Amino acid sequence: MRFQLKTYGRKVVFSAPMAGYTNSIHRRFARRFEADLVFTEMISADGLVHSTKRTLELIGFSPDEQPIGIQFFTANPEIMCQAARMIKNNGFAVLDLNFGCPVKKVIKRGAGSALLQNHELALEILSAAMESGLPVSVKVRCGFESCDEWERTLELLRKTEKLGVSFVTIHPRSARQMYSGISDWSLIVEAVNELNIPVIGSGDLFSVNDVEKMVKMTDVAGVSIARGAIANFEIFTKIRALFDNEPIPQFDTLHRIETMRNFIAEETKFYNETIAIKWSRKFLVKLVKNIPNASSFRKKISHISTFDDVNLFLDEVKKLNGTI
Ligand SMILES: Cc1cc2nc3c(=O)[nH]c(=O)nc-3n(C[C@H](O)[C@H](O)[C@H](O)COP(=O)(O)O)c2cc1C
């Protein structure tokens with residue numbers, strides 16, 4: 001099941017790769033809520049080749065997550081080549097290369113966004129990734145130090161296009177910016193105009209309204225939703241409706257609370273209860289982020305350690321009877 005954007009005949013919505021969030025259960029929910037394509041979090045190609053336990057866990061998925069993309073980061077073309085061959089027949093729909101991660105641990109190895117400063121190596125890694133036989137895509141930020149480097153990044157994207165990349169995803173912030181400031185969608189407009197392959201837009205898409213604005217401004221082939229989907233899988237269904245020219249469904253607070261309950265229940269089956277609850281706390285924090293007195297709720301979340309605690313907590317949020 002290879003991912004081919006043109007077969008959709010409309011714009012597409014992706015569940016973006018997010019380290020520490022987009023595990024198997026998250027991806028299952030994103031698909032149930034109609035994301036067209038989901039991604040693993042970034043996987044160390046080196047970790048896979050050396051078969052570390054953690055990496056093998058990270059690449060597992062269930063059929064109801066498909067189509068699923070695997071995202072790799074590495075600074076080593078040899079390793080990329082081996083990793084590409086290893087996952088060749090694992091059922092992934094696309095292999096995505098991370099040329100955007102700003103995290104110190106990754107860039108100090110010359111991987112992620114550091115590759116925006118080493119195009120030669122980036123292209124070698126790309127050629128190696130083609131060994132998978134899968135469609136290969138690339139995800140970039142606008143530059144490493146600042147978006148002033150955008151022209152160079154665009155040049156890199158032109159070269160990836162020549163090498164046969166299927167699509168590119170652009171998060172128009174620099175690596176140094178991390179998540180500060182706002183993403184500069186005008187750079188996405190340039191990419192859409194300059195490239196012949198589909199461009200996927202990422203950055204500051206927290207609502208259907210944001211997506212409508214980005215699509216209008218940039219005419220991207222699709223959007224990739226990251227933070228906006230945390231504790232808010234419903235966003236995928238709404239965006240799909242937008243792209244299908246259908247009425248946008250509304251979900252009430254109760255729906256979001258019950259979705260979160262089901263999500264955490266499935267996490268407890270996936271991990272053991274202790275790990276699942278620890279993992280799930282950040283989703284609960286996000287769920288109650290905008291309610292009045294959120295800080296007292298956050299305090300309560302830090303004491304949640306069992307699924308029974310989660311149930312009591314969600315019942316309490318439910319009683320507020322408000323919008324979250
Ligand atoms: C916690 C977190 C983890 C992320 N992990 C990854 C990752 O593993 N790979 C990747 O390409 N981008 C990663 N990103 C970046 C997102 O995919 C996305 O491009 C970025 O957050 C901008 O989109 P947003 O404004 O909708 O959040 C991560 C972002 C966050 C917030």
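Arg32 and Glu266 form a salt bridge, with 3.0 Å between the closest N and O atoms; the term denotes a side-chain nitrogen of Lys or Arg within 4 Å of a carboxyl oxygen of Asp or Glu. The structure is a predicted model, in which local features need pLDDT of at least 70, side-chain atom pairs count only at pLDDT 80 or more, and totals for chains, interfaces and linings use all residues. Residues are numbered from 1 along each chain as its sequence is written, and side-chain values use heavy atoms, with hydrogens and water left out.

The protein comprises domain 1 (5–243) and domain 2 (253–319), with bounds from an automatic or database domain assignment. A distance of 28 Å separates the C-alpha centres of domain 1 and domain 2. Contact, defined as heavy atoms within 4.5 Å, involves 16 residues of domain 1 and 15 residues of domain 2. About 1,400 Å² is buried between domain 1 and domain 2, 65% of it on carbon and sulfur atoms; buried area is the accessible area (1.4 Å probe) that two parts lose on being put together, summed over both.

Between domain 1 and domain 2, the count of salt bridges is one. Eight residue pairs, both residues at pLDDT 80 or more, are in polar contact between the two domains. A polar contact is a pair of N or O atoms within 3.5 Å; within protein, one must be able to donate a hydrogen and the other to accept it, and residues adjacent in sequence count only if both atoms are side-chain atoms. On the side of domain 1 that touches domain 2, helix α1 (residues 24–32) supplies the largest share, six residues. Helices (H or I, at least four residues) and strands (E, at least two) are DSSP runs, numbered from the N terminus.

In the whole structure, 23 salt bridges are found. One of them joins the side chains of Lys11 and Asp219, at 2.8 Å from N to O. This pair links distant parts of the chain, 208 residues apart: Lys11 is in the segment before β1 (12–15), and Asp219 is in the loop between α9 (208–218) and β8 (222–225).

A disulfide (a pair of cysteine sulfur atoms within 2.5 Å) connects Cys142 and Cys147, with an S to S distance of 1.9 Å. The link of Cys142 and Cys147 is left-handed, with -75 degrees about the S-S bond.

Most residues other than glycine have a negative phi, and most peptide bonds are trans. The peptide bond from Gln66 to Pro67 is cis, with omega near 0 degrees, and Pro67 is in the loop between α3 (53–58) and β3 (68–73). Asp204 has a positive phi, near 65 degrees, and lies in the loop between β7 (199–202) and α9.
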